[in-house]
Amino acid sequence: MDRHRVLRWTGALGVAAVAAVALGSGLSAPVAAQATYEIEPRAPEYLYERTCGYCHGHNVAPIIRGRKLPAAVTSALVRSGNGAMPAFKPTEITDQELEALAQWLATAEADPEEHGR
Amino acid sequence: MSSGFSRREVMAIGGAIAGTAAMTPLARARMLPAEMDRDVFAGVVRELRAIVGDEWVFADEASTISYRKSGIPDLRGEHVPSGAVAPASVEQVQAILAVANRYKLPLWPISTGKNMGYGMATPASSGQMILDLKRMNRILDFDAELGTILVEPGVTYQQIHDYIEEHDLPYWLDVPTVGPIVSMMGNTLERGVGYTPYGDHFFMQCGMEVVLADGTILKTGMGSIENGNTWQAFKWGYGPYLDGIFTQSNFGIVTKLGMWLMPRPPVYKPFMVRSHNVEDVAAITDTIRPFRMNNLIPNGVLIMGALYQMSMFNRRSDLWDGEGVIPLDVIQRHARANDIGMWNTFYALYGTDEMIAAMEPILTNAFEATGADVLTEAEMGGNPYFEHNKTLMRGGMTLEEKGLVRWWGKSGGAVAFAPVAPAKGGETGGQTALATEIMNKWGFDYAPAYAVGGRELHHIIFLMFDKGNDEHSRKAELCMEEMITRFGERGWAAYRSSVSTMDLVAQQYGDANREVNARIKQALDPNHIIAPGKQGIA
């Protein structure tokens with residue numbers, strides 16, 4: 001067993017090791033009127049891995065990488081949620097992010113590790 | 001055509017989208033807010049645009065398409081929003097409420113709008129404008145000593161998962177079955193559950209900020225103490241405990257939520273109890289109960305029906321192409337072929353090797369006494385059904401359960417019914433028999449799971465149907481109404497419901513309950529602008 005993990009779990013390691021990242025309580029700073037992804041758009045690969053790939057690569061939905069899916073079709077499907085697929089709103093994936101994602105998917109290579117359905 | 005999609009597929013997709021796009025709030029009066037004419041609505045849209053910017057108000061056929069999507073039956077268009085507005089700050093929420101009060105514009109708040117089985121983002125009645133809070137997506141505080149977090153509505157479980165990994169924080173999440181794309185706040189406010197020891201999400205919630213209809217900002221619990229630092233540490237505050245009235249509620253708009261996170265254990269060991277007969281569920285429930293009450297099984301236990309499990313990774317036609325519902329012997333045959341039983345119970349142990357070694361034989365002996373097999377990674381590792389629950393019981397990211405939505409085919413369709421009962425074997429036997437009878441009568445397969453808390457169980461029934469077939473959708477609607485009604489007659493009411501049955505379920509909780517809710521609503525939101533119809537509250 002990982003002794004370090006046990007010590008950390010029981011608190012015996014002390015909190016200094018983990019406290020460094022605490023943001024602090026009682027936050028009062030004003031929050032920007034913009035989503036974080038509007039300031040810094042997320043890359044297509046990042047979005048694919050964290051959204052599309054959970055179904056399209058994991059036994060739930062058809063494989064979509066390596067199929068040269070036209071970008072316009074991808075964009076329409078993401079917004080409408082065709083059939084059993086959920087719809088994704090501009091507040092979840094911005095228009096700018098979706099355009100880049102659809103372009104990337106149009107040329108993305110198939111991933112042999114994925115399992116479609 | 002060089003595309004990997006055929007011309008027919010692309011045309012079908014285009015046609016489907018064009019068909020949906022023909023519905024526009026300005027073209028069909030029934031999709032406008034009740035008692036609001038087109039000119040007034042257009043003026044409201046202009047005012048909302050001045051608050052959040054042109055690009056974050058959606059009120060035409062193309063831009064509202066995502067908000068209309070749901071998997072539940074809606075043959076009469078009773079859950080079609082008039083549009084959506086997406087603020088990015090509490091101040092914008094307050095300004096939107098001021099406009100809504102002025103024009104009596106009903107607002108349906110969502111966080112990510114992924115309320116699977118219950119209507120996704122769609123409102124309880126047509127014409128409401130979606131108040132989409134997804135753009136408020138900041139993790140505002142993470143106290144690494146206390147394991148507490150303060151989040152905005154748009155923060156998904158995936159986002160927190162990534163944050164924990166990035167900072168190597170010694171904590172685990174507890175997720176619902178569709179964690180990556182859903183909001184921690186949304187699921188908690190709906191009183192959703194997960195499958196680690198922190199599976200009762202509302203129990204693990206601590207402190208919230210609520211914007212009331214008049215713009216007042218309320219911080220519950222310890223949140224309003226000047227120079228306070230205990231908001232996410234102590235739930236109860238002083239005086240009446242208010243957090244509960246803002247869950248499954250339309251009394252205010254929650255804009256910040258505090259949660260407790262589970263310390264990551266050094267060792268985690270998942271188990272699967274394989275029971276071979278439908279009637280075994282009663283003995284399994286009676287075996288689980290004492291271990292949940294004394295916490296020797298610490299996590300939210302799932303008793304999964306074989307068909308529920310197989311619906312994630314298969315289409316119905318993979319199992320059965322005959323007439324009527326899938327016969328029991330066919331389900332049993334496919335279950336055996338997948339190394340699962342008719343019921344498969346998932347629990348886990350968390351701690352050190354020594355702790356787990358002490359507990360494992362006690363639990364194994366108890367479950368084996370019911371005639372079941374108790375299996376671990378050694379026997380089941382790599383089996384997709386085992387791996388799915390192994391992921392859930394450690395708060396991992398998966399969307400595999402989305403697969404059940406397309407059980408009948410590409411069009412999808414699933415609506416959930418979740419009656420609660422005491423965690424007693426006789427209750428599971430009775431509920432399973434009643435649900436099977438009603439669903440089979442309407443031509444639907446009974447695909448259940450039971451989630452066992454301390455002393456209660458949630459019976460989770462996904463009614464899977466073909467939303468592309470109006471007759472099938474109609475049957476699904478009638479089947480659901482019969483289940484709610486007849487379960488209610490036996491004293492079994494749902495803990496949550498789809499937007500299409502909120503009033504029906506609310507009736508079962510009695511007149512006094514409804515009257516009290518109505519009085520609170522009248523006091524806090526006299527213009528009834530926040531989510532009218534939510535949980536049957538006008």
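Visitor: Which residue just after α5(B) takes a positive phi?
Guide: That is Asp168(B), whose phi is about 50°. Helices here are DSSP runs of H or I with at least four residues, and strands are runs of E with at least two, numbered from the N terminus. This is a predicted model, in which local features need pLDDT of at least 70 and side-chain atom pairs count only at pLDDT 80 or more, while totals for chains, interfaces and linings use all residues. Residues are numbered from 1 along each chain as its sequence is written, and chains are lettered from A and ligands numbered from 1 in the order in which they are written.

Visitor: And which residues of α5 in chain B are buried?
Guide: In that helix, residues 157-167, the buried ones are Tyr157(B), Gln158(B), Gln159(B), Ile160(B) and Ile164(B). Buried here takes 20 or more other C-beta atoms within 10 Å of a residue's own, against 12 or fewer for exposed and in between for partly exposed, with C-beta atoms placed from the backbone.

Visitor: What covers them?
Guide: Chain A contributes α4 (44-56), and the cover from chain B includes β5 (139-143), β6 (148-151), β7 (171-172) and α6 (184-189). Contact, which is what covering rests on, puts two C-beta atoms, placed from the backbone, within 7 Å.

Visitor: Zooming out, how many helices and strands does chain B have?
Guide: Chain B has 17 helices and 19 strands, and 55% of its 538 residues count as buried. Its C-alpha atoms fill a box of roughly 70 × 60 × 60 Å along the principal axes.

Visitor: What about contacts along chain B?
Guide: Among contacts with a separation of 6 or more, 73% join residues 24 or more positions apart.
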